[in-house]
Every structure is written in structure tokens, then in C-alpha cells.
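Hi,

Here is the structure I promised to hand over. Please open it alongside this note; what I found follows below.

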Amino acid sequence: MRAFQNLNLILTLRAAVLCLLIIVFGLDAAVAQQPGPSLDPNQGIQLYKQGDYDGAIKILQDTVSRNPDDADAWYYLGLAFHVQGVSGAARMPFERVVQLRPRSADAHAKLAYILILANEPQKATAIAQRAIELGDLSAEPHFAIAEASLRTHFANPGTHPLELVLSEAENALRIDPNFSLALLTRSFAHYHLKQYSEAAENLKSFLALASDNEDAKAWQEHLIKLERQAHDSQSGTNTPAAQTTTFSGREVTQKVRVLSKPEPSYTEAGRKAGVQGTVILRAVFSSDGQITNLYVTQALPFGLATSAIKAARQIKFTPAIKDGQVVSMNIQLEYNFNLY
């Protein structure tokens with residue numbers, strides 16, 4: 001009888017201990033599942049205004065995760081990413097602001113800029129035009145329209161006149177004379193209109209603003225060639241000897257045979273900015289097996305044009321043949337940069 005009572009006591013104690021453990025660990029689990037205290041979104045906005053962008057991003061990301069309809073938090077989150085050059089990450093915040101506040105002119109302007117970097121010219125144009133309709137006075141929507149028109153012209157010549165590119169680039173530069181990418185866009189528009197002197201002047205202005213840019217060396221080389229073309233155009237001469245010794249693919253007996261064509265690398269700045277699109281180069285694949293006369297005809301910013309040029313110089317090939325002799329041949333190279 002006593003043994004039975006002792007057994008009951010032991011079982012009762014075990015049950016009590018088990019219940020206590022369940023209660024303790026259950027409470028701990030419940031506490032662990034409860035969300036932490038919310039951060040003050042106004043503090044995040046203040047940190048942004050004080051220049052502490054990383055601190056602002058941390059608080060504002062917490063805010064929008066808890067309250068997806070907080071338009072102010074989304075807006076300043078987008079600005080914090082944008083001002084750091086991380087435009088790719090700024091896209092979603094500005095898209096959300098446009099949804100929540102359809103009349104936000106600045107959000108439309110910033111989104112248009114981001115969309116053209118992402119190589120979405122149609123969307124960029126529509127958003128940029130809406131920004132201007134809403135009264136935005138910044139350079140960004142005009143640049144977006146100019147660059148979108150330039151890219152559309154390359155894809156479908158004649159659909160977007162280059163004069164529109166020049167007009168919108170000039171509008172952007174009238175508002176912000178230091179908008180370096182607008183200078184580059186205007187330079188290419190002049191180049192394709194065979195206005196080489198104007199193209200060179202715009203490129204000079206671009207280089208003056210972006211002397212420490214990753215593309216500076218490549219653009220210096222490009223400028224030398226532009227100035228040579230401008231001189232030849234004005235004097236009526238044609239100095240490059242390659243013009244008489246270089247052939248097109250239709251003129252040779254056997255075209256260049258590419259043995260290896262390394263892919264260009266994405267620059268960190270280009271990746272952060274969400275830049276996508278195509279760099280187009282003209283080059284001479286010379287009879288001695290060298291890549292010469294590299295010329296940019298369509299560019300991308302943030303070091304991607306330079307990356308394409310570096311890759312092009314590493315191409316290995318067998319020269320073209322004409323009438324049994326190796327000859328130099330003109331070739332167009334295209335390098336696509338896609339993040340996804």
C-alpha cells in the first residue's frame with residue numbers, strides 16, 4: 001500500500017514538473033514570437049535629413065514592413081537608397097509611393113530616372129511625362145525622355161527623331177548644367193547627326209564633371225577620335241588610313257572568324273544603380289590579329305562602357321581574307337548587360 005502511495009506521489013510530482021516546464025517554455029516561445037518594439041519612422045526621416053542614410057534605411061525598412069501604406073516612410077526610404085547610388089533598391093519604394101500618392105511629382109521623376117537606367121524606355125517615358133504634367137521641375141524626367149528616345153532610335157531608326165533627344169537633353173541641362181549623363185546623351189545625339197564638333201564639346205564638358213569617373217580614360221580616347229572626325233569633317237579630308245584598307249563583311253571572301261570573345265564584367269556601381277542595356281562598339285579586326293579603332297556608338301554609364309571596351313580588346317580571331325590575302329575588316333560589337 002505504501003509503495004503504491006509512493007508511486008502516486010512520484011507520478012504526481014513528475015506531472016507537476018512537466019506542467020511547470022510546459023508553462024515556462026511555452027511562455028518563452030510566446031515571448032519569442034512577439035514582435036519587438038516598433039521603431040519611430042520620424043526618427044528614420046530625421047536620420048535621412050541628417051545624412052545618416054544607413055541608419056535611416058534600417059528604421060524605414062522596419063516601418064514599411066509593419067505598415068505598407070506609410071507613404072512618407074516609402075518615400076524617404078527611396079531617397080536614402082537613391083542618394084547613395086543604389087537606384088536599383090530605390091525602385092520598389094518609389095513605385096509604392098506612386099501607388100499611394102499618384103500626384104507625387106518627385107516620386108514620378110525619380111522613378112523615371114531609375115526606369116531608364118533599367119533599360120525600360122517606354123515605362124520611363126510615360127512616368128517622366130507624368131512627372132512633368134504634375135509640375136516636377138527637376139532635370140531627371142527630361143533626361144529620362146532624352147535617353148529613352150535615343151535608345152528607341154537605335155532600336156528602330158526613324159521612330160524617335162534625334163532632334164527630340166537634343167531638345168530634352170537641353171531641357172535637363174538648362175535645369176541642372178552639371179547633369180553629366182545628359183551631356184553624354186546629347187553628345188551621342190550630335191554624333192549620330194554627324195555633328196562631330198558639337199559631340200566633342202559635350203563630351204569635353206562631361207569629362208570635366210566626371211574626371212574621376214570609371215569611364216574617364218575610355219572617354220578620353222573617344223574624345224580624341226571625335227575631335228579627329230570633327231577636324232576631317234570641317235576640312236573635307238579623311239585622315240584615317242584604315243578607311244582605304246579596311247573592308248566590310250560584304251567585301252571580303254572570308255569573314256573574320258572569332259576564336260574567343262570574353263564577356264565583360266558588371267561594375268559594382270552599375271549593379272547598385274540597376275543599370276541594364278547594351279553597349280555598342282565599332283572596331284577594326286586588323287589583318288595582324290589586333291583589335292584597333294575601337295569606337296563607342298551606344299553607351300551605358302557607371303563603368304559599363306569601359307568594361308565592354310576591355311572585353312573587346314581581349315577578343316581572339318582569325319583575320320578576314322580577300323582575294324587570298326588577309327585583310328582588316330570593320331565589325332560592330334554588342335555587349336548586353338542584364339541583371340536578371
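Lys322 stands across from Gln325 of β7. Keep in mind that this is a predicted model. The strand β6 covers residues 320-322, and its pairing with β7 is antiparallel, with three bridges. Two residues lie between the strands of this β6 and β7 hairpin. One to look at there is Asp323: its phi is positive, near 55 degrees.

β7 spans residues 325-337 and runs parallel to strand β1, residues 246-247. Two bridges join β1 and β7. Here Phe247 sits opposite Met329 of β7. With β3, β7 runs antiparallel, and nine bridges link the two. Find Gly277 and you will see its bridge partner in β7, Phe337.

β3 (277-285) also turns up in the lining of the second largest pocket, where it gives two or more residues. That pocket has a volume of about 440 Å³. Its lining counts 28 residues, and those closest to the centre are Glu147, Ala148, Leu150, Arg151 and Thr152. Besides β3, the elements giving two or more residues are α7 (121-133), α8 (140-155) and α10 (180-192).

Which element gives the most to this lining? α8 does, with 10 residues. By type, the lining holds 14 nonpolar residues, 12 polar and two charged.

Best wishes

Key
Residues are numbered from 1 along each chain as its sequence is written. This is a predicted model: local features need pLDDT of at least 70, side-chain atom pairs count only at pLDDT 80 or more; totals for chains, interfaces and linings use all residues. Side-chain values use heavy atoms; hydrogens and water are left out. On a 1 Å grid over the protein atoms alone, a cavity is a set of points where a 1.4 Å probe fits but cannot get out, and a pocket is an open set with protein on both sides within 12 Å along at least five of seven lines; lining residues have an atom within 4 Å of a point. Grid points are joined across faces, edges and corners, and a volume is the space filled by probe spheres set on the points. Helices (H or I, at least four residues) and strands (E, at least two) are DSSP runs, numbered from the N terminus. Ala, Val, Leu, Ile, Met, Phe, Trp, Tyr, Cys and Pro count as nonpolar, Asp, Glu, Lys and Arg as charged, and the others, Gly among them, as polar. Two strands pair if DSSP finds at least two bridges between them.
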